Amino acid sequence: MQEDQISCKTLTEETVNQVLITPAEYNDILNIQQKILSMLATRKPSQTILEELCSLAERLLPNSVASIMMINSDTNLMSVLAAPSIPEVGHQALKDLAPGPGGGSCGNAVFRNEPQYVQNTFEDARWEDLRTTAIDFNLCSCWSMPVRDEHNNAIGTFALSSFEHRSPAPFHKKLLETAAYMVNIVLSNQEMQTELDDMAYKDSLTNLANKTQLEIYLKENIEQTLILLNVNNFSYINTAYGFDFGDKILIELAKIIDQDLCNEYTCRINSDEFALVFNSKIDINEVVNRIKNHFYEKEISIDNVTLNLSFSYGAAFGKHNLLRNAALALKQAKENGKNTLHIFNQDADSIDHSQREEFIKLNNLLHSALLDGRVVPFFQGIRDNVTGEIIKFESLARIKHNGEIISPYKFIEPARLAGVLPEITKAMIDKSFSAMQKNDYSFSLNITEEDLSRSYLVEYLDEKSKFYKIDPQRVILEILEGVSATGKKNHIKQLNALKSMGFKIAIDDFGSEYSNFERVLDLEIDYLKIDARYIKNIDTDKKSYEITRAIVFFAKNAGIPCIAEFVHNETIQNIIIKLEIEYSQGFYFSEPTSSVAS
């Protein structure tokens, strides 16, 4: 819709139809459904609800726009009813669209009364009548689901259009199906208001109270006990037997929990998670043991398949924040191992209030710093231990704030939680390239797993190296050891592509995690940076010395030069020299500064 939008590309990393819907994705769809039903129950205007539905769907498909089109019963032509991310000029371009073979994804969805998944709108015959619109607005692919009336006739569509050529995964198809169903409900709002009130507070699969109703129930200012039950290995059940079978399991579980275990109040709050509420203080261990024994002794049989099920349990008691506290307890129970119970402890399980405040403060600081261009590189020299000269630099992220220089130690974790690590990396690439175009030094940049997951690095680095006239062979991309060791297919593909362009790859903090030597060799790594925790104590800790010596031995046999980080005194440097480590980095030789001498 705008001139600076991302240009089209074809996503071919994996066969999307083989990607299973994860429990987290299933929950995302359930959350959209719950949000829309809650808005209906609170009598929000239909237009507001439909626009919110579009916005929620867009968040689950990055780089896309959602739209709802309906047929005018008088003209039998289609027009946009809701599309908050599409400008008015786009609405006009789609006005009075005639359903038919060349009428785009939506025109075909109505014409054929079946879903349409167009991967390339620039070439697909179904977009023949709208080819100019596709090109003008950079709509590379478009998936459309019919909205049907009570007689199963197509009366409109819900669509997701992407600025990339791509095909939908099963998750996207489920999202489209759910959204189209919700459009139908919203449009029938006035006739179905009583039923909607019920739907807003009940789980549609099990008919138990849902999370919305639970939150209302827990608002009463009385002491209550809440126990959360999460089905162990439910994702494997869905994978092995299919989601329809999984739904039957959940229906049967709901009956057992609600009827056989005699609870005061039972809810289903997530895809595989149930909640039990008691309006008094109870013996939590006794209740959980009773549930465990029940399922030890009782098998569940569905469609000739017999299963033994177990749960992880999180519980809390009190008047306030019960759902949050029980969720924290459940998280701890899962970490402790399957089929375990953890009861919330205020002192041990709460996040300190001051820590929460600090995270909120740093989150706001991060966003304002990125917006104002105050994320900047500081450069620390790397010494060649043969020539004794600083020959390369590492570019380190800093934030400038009110005359203070803030290091990543303070903001890196909030940045990860806020999902802005790739934005920090982009700022560092841009500003480091700009600074380094004035000299010929090699320099390194830190790349995170989040960067590789976004799949933007190849294109972005190529663009910036050409813009600033930086030879890729000057640039070393530092990745953490865990990224190389886990070896996700798409990550390895990107790293190999970057190496073929001339960029060099270094493993940062080597020795801190997996130490997968085979993966290092497979990737043809250019440098190993030995983890600072070994170097800083190498003069006093025998274990650190022996680990470092082993890493150097491996690296020399593999022909990979090493860089010792955190060299902070002469004694450590002398050991580095004796071990014949090629490069040293640390405050003993160079403190990070905002510029590099030309």
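Predicted model: local features only at pLDDT ≥ 70, side-chain atom pairs only at ≥ 80, totals over all residues.

Reader: What makes up the protein as a whole, in helices and strands, and how many of its residues count as buried?

Author: The protein has 24 helices and 21 strands, and of its 598 residues 49% count as buried. Among contacts between residues at least 6 apart in sequence, 66% join residues that are at least 24 apart.

Reader: Why is Leu-366 called buried?

Author: The term buried requires a relative accessible area under 20%, and Leu-366 has a relative accessibility of 0%, so Leu-366 counts as buried. This residue lies in helix 14, which covers residues 353-372.

Reader: Which residues does Leu-366 touch, once residues up to four places away in sequence are not counted?

Author: Leu-366 touches Ile-399, Phe-411, Pro-414, Ala-415, Val-420 and Ile-424.

Reader: Which residues of helix 2 are buried, and what covers them?

Author: In helix 2 the buried residues are Ile-49, Leu-50, Glu-52, Leu-53, Cys-54, Leu-56, Ala-57 and Glu-58. Their cover includes helix 1 (23-41) and helix 6 (170-187), together with strand 1 (64-71), strand 2 (78-82) and strand 5 (154-162).

Reader: Why are strand 1 and strand 2 called a pair?

Author: Pairing requires at least two bridges, and strand 1 and strand 2 are joined over 4 bridges in the antiparallel sense, so they qualify as a pair. Both belong to an open sheet of 5 strands in the order 2-1-5-4-3, with antiparallel pairing.

Reader: What makes strand 2 and strand 3 the edge strands of this sheet?

Author: Strand 2 and strand 3 (116-118) each pair on one side only, and they are therefore the edge strands. From one strand to the next, the twist averages 25 degrees. Helix 4, residues 104-112, packs on the sheet, touching strands that include strand 4 (141-148), and its direction makes about 150 degrees with that of strand 5. Helix 6 also lies across these strands, running at about 40 degrees to strand 4.

Reader: Why do strand 11 and strand 12 count as paired?

Author: At least two bridges are needed, and 3 bridges join strand 11 (residues 311-318) to strand 12, so these two parallel strands are paired. They belong to an open sheet of 5 strands in the order 7-8-6-11-12, in which the pairing is mixed. Its edge strands are strand 7 (265-270) and strand 12 (341-343).

Reader: How many cavities of 30 Å³ or more does the whole structure hold, and what lines the largest cavity?

Author: The search finds 2 such cavities, and about 160 Å³ of space lies in the largest cavity. Of the 20 residues that line the largest cavity, Ser-67, Leu-94, Trp-127, Leu-139 and Ser-161 lie nearest its centre. Strand 1, helix 3 (88-93) and helix 4 each supply at least two residues of that lining.

Conventions. Residues numbered from 1 in each chain as written. Heavy atoms only, no water. Buried < 20%, exposed > 50% of the residue type's maximum accessible area, 1.4 Å probe, protein only. Contact = heavy atoms within 4.5 Å. Axes fitted to C-alpha atoms, helices over the stretch in contact; angles between N-to-C directions. 1 Å grid on protein atoms, 1.4 Å probe; cavity = no way out; pocket = protein on both sides within 12 Å on 5 of 7 lines; lining within 4 Å. Points joined across faces, edges and corners; volume = space filled by probe spheres on them.
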